[in-house]
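Trainee: I would like to take a close look at one part of a model and follow how its surroundings are put together. Could you go through it slowly, with the cut-offs stated as you use them?

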Amino acid sequence: MKGKRMQSLIKKNKKLIIAASLLASLVVGETYAWVASSLTVDNELIGHTTQVEVVEDKFYKGENESWVTKEVYFENRGSSAVFLRMSYQEYWEYKDQLLPNSIPGASGATGADVATKVFNAKVFQPSDEKNTLWLDGGDGWYYYTKVLPAGGKTDEVLKQVKFPTEYAGEYAKYKDAEYHLYFKVEAVQASTSPKTLNRDDVNAKATAKVFGDGTVPWAQVDISDSTVQWEFKTPYQNQGREG
């Protein structure tokens, strides 16, 4: 929700502003290197479109506005299967001042969050990435361990955001501030057809070029269940997850 509609749902001191940005990368150039001039080959990547969107559904506020339900997931509205990665950022804004979401603890250690994000722990939990469908690439991005087919959508990654019931003491400076939470998703067209020549090499080079430094991260697919095996520099190597 945007503009006046958003402002009408949440009071000024507890605004939840969720913005989404999208960079969808259509990678087809790499495939041509695998087609010899003397052959006639149907290349499944040519002419397909890549369009993935951040979807924000079921927006409503709870009792005393101490929490807001805001479900966020990603939907493939293009005509080709894709590899996905996503990231999010958050901060509080008061006039011209930006405030962190975490209040420092003793000796400057990170303390409790002002706004607490309730993720869908079955598929995404930043504090325990190894048990989810999104792997931490160590580069600020989380990588989806399934190929998302055309017309498909992920499970919601965010379910709810909770706010303090009172803005007193260490929370006082957040009373009239606005909370911002941004999600971003990037996509690379995936080659899943057996007709595609050197399919695994195409996928690895495409994802490494768009998502990484040309070498990593790269992806390979188990075609039987569309599970993606990712390779990163840090913190994980050769990680894949069954969906």
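Trainee: Which residues form one aromatic cluster with W230?

Mentor: The cluster that contains W230 is made of F83, Y143, F211, W230 and F232. Before going further, note that this is a predicted model, in which local features need pLDDT of at least 70 and side-chain atom pairs count only at pLDDT 80 or more, while totals for chains, interfaces and linings use all residues. Residues are numbered from 1 along each chain as its sequence is written, and side-chain values use heavy atoms, with hydrogens and water left out.

The structure holds 19 aromatic pairs (rings of Phe, Tyr and Trp, the last by its six-membered ring, with centres within 6.5 Å; planes under 30 degrees apart are stacked, over 60 edge-to-face, and the rest tilted). One of them joins F83 and W230 in an edge-to-face arrangement, with 6.0 Å from centre to centre and 75° between the planes. Because F83 lies in strand β4 (residues 82-94) and W230 in strand β14 (residues 227-231), this pair ties together parts that are 147 residues apart in sequence; strands (E, at least two residues) and helices (H or I, at least four) are DSSP runs, numbered from the N terminus. F83 counts as buried, at 0% relative accessibility, and W230 is likewise buried at 0%, where buried means under 20% relative accessible area, exposed over 50%, and partly exposed in between, with a 1.4 Å probe and protein chains only.

W230 also pairs with F211, this time tilted, at 6.1 Å between the centres and 40° between the planes. This second pair links distant parts of the chain, 19 residues apart, since F211 sits in helix α2 (residues 199-211) and W230 in strand β14. F211 counts as buried too, with a relative accessibility of 5%.

From F211 we can turn to its helix. With 13 residues, α2 reaches 18 Å from its first C-alpha to its last, close to the 18 Å expected at 1.5 Å a residue, a span taken as 1.5 Å times one less than the number of residues. Its buried residues are R199, V202, N203, A204, A206, T207, A208 and F211, and they pack against β4, β10, β12, β13 (218-222) and β14.

The nonpolar cores (sets of buried Ala, Val, Leu, Ile, Met, Phe, Trp, Tyr and Cys residues joined through side-chain atoms within 4.5 Å) widen the picture. The largest has 34 residues, and those with the most contacts inside it are F74, L84, M86, W92, W134 and F183. Two or more residues each come from β2 (52-61), β3 (67-76), β4, β10 (142-144), β11 (158-162) and β12 (178-189), and the largest share, five residues, is given by β12. Apart from this core lies another, of 15 residues, which includes F211 along with V147, V188 and A219.

β3 and β11 pair in the antiparallel sense over four bridges, where pairing requires at least two DSSP bridges between the strands, and W67 stands opposite K162 in β11.

Notes. Contact = heavy atoms within 4.5 Å.
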